Amino acid sequence: MTKPPEDGRLELLQGTLDMLILRTLRWGPQHGHGIGQAIRTQSDDLLKVETGSLYPALHRLVKRGWLTAEWGVSQSNQRAKFYRLTPEGKKQLVREESRWAQLVKAIGRVMKPAPGSEE
Amino acid sequence: MTMRPDDRELDDEIRAHMALSIRERIENGEDPEAARLAALREFGYVPAIRESMRRVWYSRPIDAAAALGRDLRIGLRSILRARGLAATVAVTLALGIGANAAIFSVVRAVLLRPLVNRDEDRLIYIRQSAPGVGSDNTRFSVPEINDLKARVTTISSFGDFSTVEFAMVGLVAEPRMVKAGVVGGSFFDVMGLRPVLGRLLNAQDDGPKAAGAAVLTYRFWTTSLNRDASVIGKTIRLGPRTATVVGVLEPSVPYPDDTELIANVVTSPHHLGATMVTSRTHRMTELFGRLAPGVSIDAARAELTTVHAAMTREHPEAYPARANTQLSATRLRDQIASPARTVLLVLLGAAAVVFLIACSNVANLILARSVQREGELAVRAALGAGTGALRRTLFAESLVLCGAGATLGIMLARPFVALVARFAARFSVRALDVTVDSSVLWIGAGLAIGAAVLLAYVPRLPSPHAPAGLGLVSSGVRITTGTRRRLRLFATVQIALSFVLLACAGMLIATLVALRTAATSYDVRHILAFDVPLSATGFAGPKTLDLYGEATRRIAELPDVEGVAVGSFVPWRDAGTLGGVTFAVEGYTRADGEDDPTARLRLTGPGLFAVLGVPLLAGRDFSDEDIQSSEPVSIVSESVARRFFPNGEAVNRHMWWTDAYFGKHVPRRIVGVVADADDVQVVSAPAAPPLTIYMPVRQVGIGGRLFVRAAGDPYALVPAVRKIIREISPEQPVERAATLADVRAQILSPERLNAFVFSGFAGMAVLIAVVGVAGVLAFSVSARTREFGVRLAIGSAPRHLLTGVLREGARIAAIGIASGAVGGYALARLAMQFVEHVELPGLMPVIGAAAVLASAAIGASLVPAARAARVDVLQALRAE
């Protein structure tokens, strides 16, 4: 999905990009470039989404009915395509978040077991 | 909302992203140019990313289909620009594809489809033949069948079938003659057939003590009884006996005979008689068998041969050495298909030839066009179209053409199938139910795609290595000698193939013309013939013969009737029913080793010769006094009189039949001599007129045919004649009223169909070939416009150009015809080694075919030749 990490950036975990996109759009519609920048700044520059992954993912989400796309004008008065979360997309976001929480918990247990279970 | 974004939309989005990215960098203080480069670098390879966005929406096959769809649209547009060419190509292909699809469906139905019979590959047909006396199917007698049943172990069960005619009363409104199969109890079990209604005949229906029972065939039930389910249980009269209808047979191939019903032996007095049961030579039964489990047909054949050899040793009197009696066994499926195989394969060959001609013609037209398009292709190549893309464009174009051809062809296939099925029905009963099914579609589509692929590879593409400049710069057409040779070769091949087909068709037409124009001995247009059978066996006592007497008397009183008489044999229509019978004459001793002469035996009522128009040459006609109790008499044909009584003294001498069938020899006084008349062959060999001997109907008690000579329209008399006979005997069938002219036409209809089908193929081939020649010449003329211009400019007469082009056409035709003649001759020679009945056409059809082709080809070259002569000098010179 992403290129090998350079300058200390992290590689995106398989399957998490969709969740990040949905999460980013929770606060309102945004265009592709904006979504990429938002993920980058919110992760303190640790996550960098390649356009080659971002745009196919956006189109995939539109096709599934979780996003809608609409041409609009950006803050800097430039034409851009804005993506917006649909009600179905919001439900998907909730599902993905709980799945993610479980995943983190499960992986956490494996990596740092509760005291007592190690010999 | 989920509208698929198109390429432009995707590009727009990428461009917007880029703009945002650059703007952000500039706002962050980067230099605009550096910002642009950095944004580009950051974005990645645009086409790949756009492609991966597209993939979300479009799968690969959809994309490929879209590309082909685009090509097809372009192809359609470029073809619409050359409408004449497109129409020619489509029609040409349609003829080829239609003919092939039709023949394929018939071949499939007749040769390849399995029978409906259960385990049909174990079902065999056993045939007894006597090649020594020219009989390829003598059938079996009951004692022979009993021998085989008792001794053969490789065949688990035998089924027997014989055909008789019954006068049937019941089921249908009018009494009528029906053909019926008479079978033993095992027949349906051996055949592996099921009823659609009621039950079939089984072992309980066998033997002389069973109750009369009959099964209706599906055809009779559907066509004559309207699928009436209430027929089951009804009683019908079959001649003197009665039978109960017990069931209806499922649709199946009627073999050996297409009958209306199938009854048990008790319904046929003849089958219970001593002759049938005890005479080893009374052979009228067909035999079927089911191979025992695990036995191969070869093993069964071997055992049959052994058993048959033993039988012939035990009963030498029934198997004369010169008859060379033999047994053979074939799978029923093959037996049914075998007569049709050769014909269908020949037709398949003809269809393939037509398809080949069609393809080569289309290839020609496309080649010619592609030469004219070399410039266009060069431009496309220069703009970056690869070889693959160019081929795809050409493929799309030829697909449009072939698709149109195939669609038309499949529409043509239906009438073709009907025609060919009627044709093939003469050879195989299975052709009766050939229908057009979806396989025609697949064959048509397959042929079209095959042709399209082929045609896409005909044109030469601009070579990637050759300088493209030439093609780009010049707008004129350059034609290489190679292309020209290829064009001429195609046209020559077409002429050659058409010539072969045309010569075959010519041969068939010549035969037909000979048959139709041959003089017959009868005044065919004014004689009306009826079948008025008296009983199943044809024999009748003196009392029933009175019916004929009274009927003829009353019919003779009808207005417009010039004469009426009873006979036993409708010329041509009854051919095959009464064979030759051996006889001897007073005062003629046969040479040593010579067999008794055989003559055709005909029963004749008083006045028949006058009605038929056969002149009485000496003596008298039969009269009403020639009855059973009076002196036995006969009348002989001129051929008999001339051969046995060369001095003209035939009248008042005696003859007698020597065939065992007639019992003791009864001398019959010859009372008259009539002119020769061939009532079997429509055209008889003039050198050997058939020997015929006539006996009076009332002395023998066989009749069954009524002849009426009409002054006006013969068919107008039919209702009156029928009414008179019904008034005398209400249950008397009166059937098949037809003039002898129509009887002859019906007998000849297979020949007519034969000639028609082949002429159809030949006509198609010639049409296509002529179009081909015209196309090649037209192209050659248009390519040489400049040359003609120059020649005209330096003083050449237009006439010379005209004859030059004509000469080119004539040369193609001549070479084509010559190679067709040589090739066709070689082919016929080759075919003779593998197939029976291959004939070489006579000189007339060959010359005729050559003349037709040559004049058609020259006629076709006239148009381009005239165009050559009319070339405008100035325009031609300015052309380049």
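Trainee: At what angle do α2(A) and α3(A) pack?
Mentor: First, note that this model is predicted. The axes of α2(A) and α3(A) lie 10 Å apart. The angle at which the two helices pack is about 120 degrees.

Trainee: What word describes how α2(A) and α3(A) lie to each other?
Mentor: Roughly perpendicular would need 65 to 115 degrees, and roughly antiparallel would need over 145. The angle here is about 120 degrees. So α2(A) and α3(A) are oblique to each other.

Trainee: Which residues in α3(A) meet α2(A)?
Mentor: Start on the α2(A) side, with Gly32(A), Ile35(A) and Gly36(A). By class, this contact has 4 nonpolar residues, 3 polar and no charged. The partners in α3(A) are Thr51(A), Leu54(A), Tyr55(A) and Leu58(A).

Trainee: How do α1(A) and α4(A) lie to each other?
Mentor: Helix α1 of chain A covers residues 17-24, and helix α4 of chain A covers residues 87-111. Their axes are 10 Å apart, at an angle of about 125 degrees. The crossing of α1(A) with α4(A) is left-handed. By angle, α1(A) and α4(A) are therefore oblique.

Trainee: Which residues of α1(A) make the contact with α4(A)?
Mentor: On the α4(A) side are Gly89(A), Gln92(A), Leu93(A), Glu96(A) and Trp100(A). The contact of α1(A) with α4(A) has 4 nonpolar, 2 polar and 2 charged residues. From α1(A) come Met19(A), Leu22(A) and Arg23(A).

Trainee: Which element gives the largest share of the side of chain A that touches chain B?
Mentor: In all, 20 residues of chain A are in contact with 16 residues of chain B. On the chain A side, α2 (32-42), α3 (51-64) and β3 (79-85) each supply at least two residues. By class, that side has 4 nonpolar, 11 polar and 5 charged residues. The largest share, 8 residues, comes from α3(A).

Trainee: In what order do the elements of chain A run?
Mentor: Chain A has 4 helices and 3 strands. Read them from the N terminus on. The order is α-β-α-α-β-β-α.

Trainee: What percentage of the residues in chain B is buried?
Mentor: Chain B has 27 helices and 21 strands. For chain A, buried residues make up 29% of 119. Chain B has 880 residues, and its buried part is 41%.

Trainee: Where on α13(B) do the buried residues sit?
Mentor: Helix α13 of chain B covers residues 374-382. Its buried residues are Glu374(B), Leu377(B), Ala378(B) and Ala381(B). They cover an arc of only 100 degrees around the axis, which puts them on the same side of α13(B).

Trainee: Is Arg139(B) buried or exposed?
Mentor: Arg139(B) is in the loop between β1 (123-129) and α6 (142-151) of chain B. Its phi is positive, near 65 degrees, and it is not a glycine. A residue is buried if 20 or more other C-beta atoms lie within 10 Å of its own. Arg139(B) has 21, so it is buried.

Trainee: Is Asn226(B) buried or exposed?
Mentor: Asn226(B) lies in the loop between α8 (218-223) and β6 (235-238) of chain B. Its phi is also positive, about 60 degrees. The cut-off for exposed is 12 or fewer C-beta atoms. Asn226(B) has 8 others within 10 Å, so it is exposed.

Note on methods:
Residues are numbered from 1 along each chain as its sequence is written. Chains are lettered from A and ligands numbered from 1 in the order in which they are written. This is a predicted model: local features need pLDDT of at least 70, side-chain atom pairs count only at pLDDT 80 or more; totals for chains, interfaces and linings use all residues. Two residues are in contact if their C-beta atoms, placed from the backbone, lie within 7 Å. Ala, Val, Leu, Ile, Met, Phe, Trp, Tyr, Cys and Pro count as nonpolar, Asp, Glu, Lys and Arg as charged, and the others, Gly among them, as polar. Axes are lines fitted to C-alpha atoms, for helices over the stretch in contact, and angles run from 0 to 180 degrees between N-to-C directions. Angles under 35 degrees count as roughly parallel, over 145 as roughly antiparallel, 65 to 115 as roughly perpendicular and the rest as oblique. A crossing is left-handed if the near helix is turned anticlockwise from the far one by less than a right angle, and right-handed if clockwise. The arc is that of the directions from the helix axis to the C-beta atoms.
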